[in-house]
Amino acid sequence: MSEVDASSKDPQAWRASHASLWVRMNYTVVTLCGRLAAALFVVIAVMITYEVVARYLFMSPTIWAGDLALLCQIWASCLGASWLLQHQALIRIDMLIGRFGPRLRIIAELWSLLIIALFSAWVTWYGAQVVIDAVAINAASASMLGLPMWITQSAIPLGFGLLFIQCLTEAALVLTGHLQPDEEVHV
């Protein structure tokens with residue numbers, strides 16, 4: 001596949017050949033997280049479809065589909081956040097920013113990355129404390145499946161930690177002149 005074909009499929013593909021090893025590694029990890037998140041959403045659809053068929057067609061509901069679908073949804077959402085930031089696809093109101101000049105747009109971009117980074121750092125720290133507590137008391141879900149809570153809760157510090165790292169990467173790119181245009185995301 002030529003470079004032009006790759007860039008039309010993934011507008012962020014330039015990161016894979018960036019001069020900085022950090023940007024290349026970050027691109028690889030975040031791309032894998034995005035693909036895993038997408039795969040988890042497919043798994044959720046399959047599990048819920050199976051549950052509906054089992055419950056309403058065969059009158060035999062499962063004890064696992066709801067819990068595992070929720071587990072997958074939490075992991076998919078947390079893993080996908082850094083991919084969304086990398087692709088400029090987080091929900092944003094850019095009616096005003098679109099009218100800014102280049103310098104003001106850079107300041108606005110860095111400000112929003114700072115806010116996201118601070119929030120992500122706090123959630124990562126707090127989420128890690130919650131996971132440590134869940135492991136210490138051997139907490140389990142209240143459902144019939146009884147999954148250990150740390151399995152689900154671990155998605156929070158990991159996902160928000162990745163989002164924090166992505167904020168730092170994006171800020172470094174903005175500061176080095178890589179202010180990217182917003183893109184339409186098609187998955």
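Q: What makes up the secondary structure of the protein chain?
A: The protein chain comes to six helices and zero strands, where helices (H or I, at least four residues) and strands (E, at least two) are DSSP runs numbered from the N terminus. This is a predicted model, in which local features need pLDDT of at least 70 and side-chain atom pairs count only at pLDDT 80 or more, while totals for chains, interfaces and linings use all residues. Residues are numbered from 1 along each chain as its sequence is written, and side-chain values use heavy atoms, with hydrogens and water left out.

Q: Why is E170 called buried?
A: Buried means under 20% relative accessible area, exposed over 50%, and partly exposed in between (1.4 Å probe, protein chains only); E170 has a relative accessible area of 3%, and is therefore buried. The residue is placed in helix α6 (residues 155-175).

Q: What makes the pairing of the E170 and R15 side chains a polar contact?
A: A polar contact is a pair of N or O atoms within 3.5 Å; within protein, one must be able to donate a hydrogen and the other to accept it, and residues adjacent in sequence count only if both atoms are side-chain atoms. The side chains of E170 and R15 make such a contact at 2.8 Å, and the side chain of E170 also makes one with that of Q166 at 2.6 Å.

Q: Why does N138 count as exposed?
A: N138 has 64% relative accessibility, and therefore counts as exposed. N138 lies in the loop between α4 and α5 (149-153), and its phi is near 55 degrees, a positive value in a residue other than glycine.
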